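Here's a quick tour of a protein fold for someone just getting started. Have a look at the picture, then read on.

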Amino acid sequence: MNLTVLCGGLSNERDVSISTGAGAARALRALGHRVALADLYLGVPALPEPIERAFTTAEAETEAAIAETAPDLEQVKALRPHPEVRIGPNVLALCRASDLVFLALHGEEGENGKLQGLLDLYGVRYTGAGSLGSALAMNKAVSKALMRQAGIPTPEGLLLQRDAPRDAPPWLPCVVKPCSGGSSVGTSIVHHAADYAPALALAFRYEKQVLVERCIWGRELTVGLMDGAAMPVIEIIPKSGFYDYKNKYQAGATTELCPAPIGPEATARVQALAERAYRCLGLEAYARADFLWDTAADEFYCIELNTLPGMTPTSLIPQMAAAEGLDYPGLCAKIMEVSLKKYEKPAD
């Protein structure tokens, strides 16, 4: 197949996406596909004629490093003559010439449904959830409301606008985070009332809406979902602090236990909740659901669902797949397989 791998973009998870894209392109070429790797935001300077020559099996992608902090997006914008346009030159043409677009994007246009809607309008097939499911999962306030309606426990939360009062936190300790952010960028755990206003100010640097949640203390778990079916559970144990941007992507910063040592009964319960959350948000293909397990109350709280979870060297979905005997190229092939089900005609 002729595949375009889309990565980069203009989100705080840009570097993570570039790492995912490089790994996916390398794996897909190893499977025999012809691949074009493109940065959604920077685009492609020129396309060959005929355009099919843009897809190759020969180029090996180098490993893309992820820094300890999120990228400076103003520096990225300076690379474009029209920074307000979120899709770079020739990207759409490349996508339209593809048999399938492998979305290696994280955050912003990659996961909020906008790009999926555009590709739908042009009849371009792509991996991952559709536009509606992506939009619902990306907005944490909306997804939390839908999960509560479906009987899935999620921490109490309050959605704030920029002009909201900032004098007293509704809970202590609490978590303050951008409503539609990712990779914990702009997220703070507030233990003291004096730290609440600075945490809000940090979160509002990234978005117009901020979510304040009651802090749940417990074991951190995550469950992958492939075609709606739960994958092995991983327990996440940062060596210091919480599971922030640095601890997510720096090798050795976090201990990840797969499968999680939580016993068969707890495993079955959290996997069932993950599958129910996937269905209630109308997701497709694959996703990852993040949980906190309050062991004192024996309650699982779903924090969020990621519709294009990371595929970097330290990412979680590849670890779950490996526990099931599926290597990285095999995982990419499986993602393509389940994603193509979106385009199957319903049976008569």
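Predicted model: local features only at pLDDT ≥ 70, side-chain atom pairs only at ≥ 80, totals over all residues.

Residues are numbered from 1 along each chain as its sequence is written, and side-chain values use heavy atoms, with hydrogens and water left out. Helices (H or I, at least four residues) and strands (E, at least two) are DSSP runs, numbered from the N terminus.

- Three strands make an open sheet with parallel pairing, in the order β2-β1-β3; two strands count as paired if DSSP finds at least two bridges between them.
- At the edges sit β2 (34–39) and β3 (100–103), each pairing on one side only.
- Strand β1 (residues 2–7) is joined to β3 by four bridges, and leucine 3 stands opposite leucine 100 in β3.
- Helix α1 lies across β1, β2 and β3, at about 170° to β2; axes here are lines fitted to C-alpha atoms, for helices over the stretch in contact, and angles run from 0 to 180 degrees between N-to-C directions.
- Arginine 29 is part of helix α1 (residues 14–30). Is arginine 29 buried or exposed? It counts as buried, at 9% relative accessibility; buried means under 20% relative accessible area, exposed over 50%, and partly exposed in between (1.4 Å probe, protein chains only).
- The arginine 29 side chain reaches the backbone oxygen of valine 35 at 2.8 Å.

**The nonpolar cores**

- A nonpolar core is a set of buried Ala, Val, Leu, Ile, Met, Phe, Trp, Tyr and Cys residues joined through side-chain atoms within 4.5 Å.
- The largest one has 45 residues, and Val5, Leu6, Leu28, Phe102 and Leu103 touch the most other members.
- Helix α12 (residues 328–339) gives this core its largest share, five residues.
- There's also a second, separate core of 26 residues, with Ala137, Leu225, Ala274 and Cys302 among them.
- Not counting residues up to four places away in sequence, valine 5 touches a list that includes Leu28, Val35 and Phe102; contact means heavy atoms within 4.5 Å.

- Another open sheet has four strands with antiparallel pairing, in the order β4-β7-β5-β6, and its edge strands are β4 and β6.
- Five bridges hold β5 and β7 together, and lysine 177 stands opposite leucine 211 in β7.
- Helix α8 lies across β4, β5, β6 and β7, at about 20° to β5.
- Which residues of helix α8 (residues 196–204) are buried? They're Tyr196, Ala199, Leu200, Ala203 and Phe204.
- Seen down the axis of α8, its buried residues fall within an arc of 130°, so they line one face of the helix; the arc is that of the directions from the helix axis to the C-beta atoms.

**Strand β11 and its neighbours**

- Nine of the nine residues of strand β11 (residues 286–294) are buried, so it's largely enclosed by the rest of the structure.
- Strand β8 (residues 219–226) runs antiparallel to β11, with eight bridges joining them, and glutamate 220 stands opposite leucine 292 in β11.
- Strand β12 (residues 299–306) also pairs with β11 in the antiparallel sense, over seven bridges, and asparagine 306 in β12 is the bridge partner of arginine 288.
- The hairpin of β11 and β12 has four residues between the strands, and there aspartate 298 takes a positive phi near 50°.

Notes. Polar contact = N/O pair within 3.5 Å; in protein donor to acceptor, adjacent residues only side chain to side chain.
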